[in-house]
2 protein chains.
Amino acid sequence: MIRHVVMFKIADTFTPPLQTEWLAGLETLVGPVPGLRSLSIGRDLLRAERSWDFALVAEFDTLAHLAAYATHPLHLPLIALSGQHCEHIVSVDYECPDSTAPEMT
Amino acid sequence: MIRHVVMFKIADTFTPPLQTEWLAGLETLVGPVPGLRSLSIGRDLLRAERSWDFALVAEFDTLAHLAAYATHPLHLPLIALSGQHCEHIVSVDYECPDSTAPEMT
């Protein structure tokens, strides 16, 4: 299983309505996107010095499914939205034991 | 439940042996650290332009448990190690449905 982790530092132009549109869009991806097992997106609570604004944690069956997700028609407008309204977006994609299996728990 | 997501962009000084020591240390935290339900740390596979090096995804019962983790004696040397050998460390901490419950799956 592949865990896809993305962090977003938003710009002032990413207004609350745009954020709501973006979050709602992300919630529609599980199901239609092949191999996407789960997707969680959250807004930072702590607002510490090193805190960014949102983190997305998604799980895919394979790297091929992750690659297809990057160009999926439901995802493209969301990429455009965050790309337009974030100062920084960074990601880490790593091999991870199947989340239904115990994972250092 | 609180999801704690941290991303690391390492410096050249973070040699493979130091990384191994750091990763091994992180694996010891689940169990001794109160309220820490799970912890997953992974090395980036894609090496894309926006890729950083490691992502950590951990889950805590509460924000208070997350706060205690930050000063736990087992964790402090690992914070020192990554702090000393990373160019950037950013985090997002967010409220998340209990991972045992279905989460947009």
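A:Ser38 stands opposite A:Glu59 of strand S3 in chain A. The model is predicted. Strands S2 and S3 of chain A run antiparallel and are joined by 7 bridges. Chain A can be laid on chain B with an RMSD of 0.0 Å.

**Strands S2 and S3 of chain A**
- S2 of chain A spans residues 36–43, and S3 of chain A spans residues 54–60.
- S2 of chain A is mostly covered, with 6 of its 8 residues buried.

- A:Leu45 sits in the loop between S2 and S3 of chain A.
- Is A:Leu45 buried or partly exposed? Its relative accessible area is 38%, so A:Leu45 is partly exposed.

**How the two chains are related**
- The superposition of chain A on chain B takes a turn of 180° and a shift of 0.0 Å along the axis.
- The two copies are therefore related as by a two-fold rotation axis.

**B:Gly25 in helix H1**
- Helix H1 of chain B, residues 16–26, contains B:Gly25.
- B:Gly25 has a relative accessible area of 14%; the cut-off for buried is under 20%. B:Gly25 is therefore buried.
- B:Gly25 and B:Asp98 are 73 residues apart along the chain, and their C-alpha atoms are separated by 26 Å.

Notes
Residues are numbered from 1 along each chain as its sequence is written. Chains are lettered from A and ligands numbered from 1 in the order in which they are written. This is a predicted model: local features need pLDDT of at least 70, side-chain atom pairs count only at pLDDT 80 or more; totals for chains, interfaces and linings use all residues. Side-chain values use heavy atoms; hydrogens and water are left out. Buried means under 20% relative accessible area, exposed over 50%, partly exposed in between (1.4 Å probe, protein chains only). Helices (H or I, at least four residues) and strands (E, at least two) are DSSP runs, numbered from the N terminus. Two strands pair if DSSP finds at least two bridges between them. Copies are superposed by least squares on the C-alpha atoms of residues with pLDDT of at least 70 in both.
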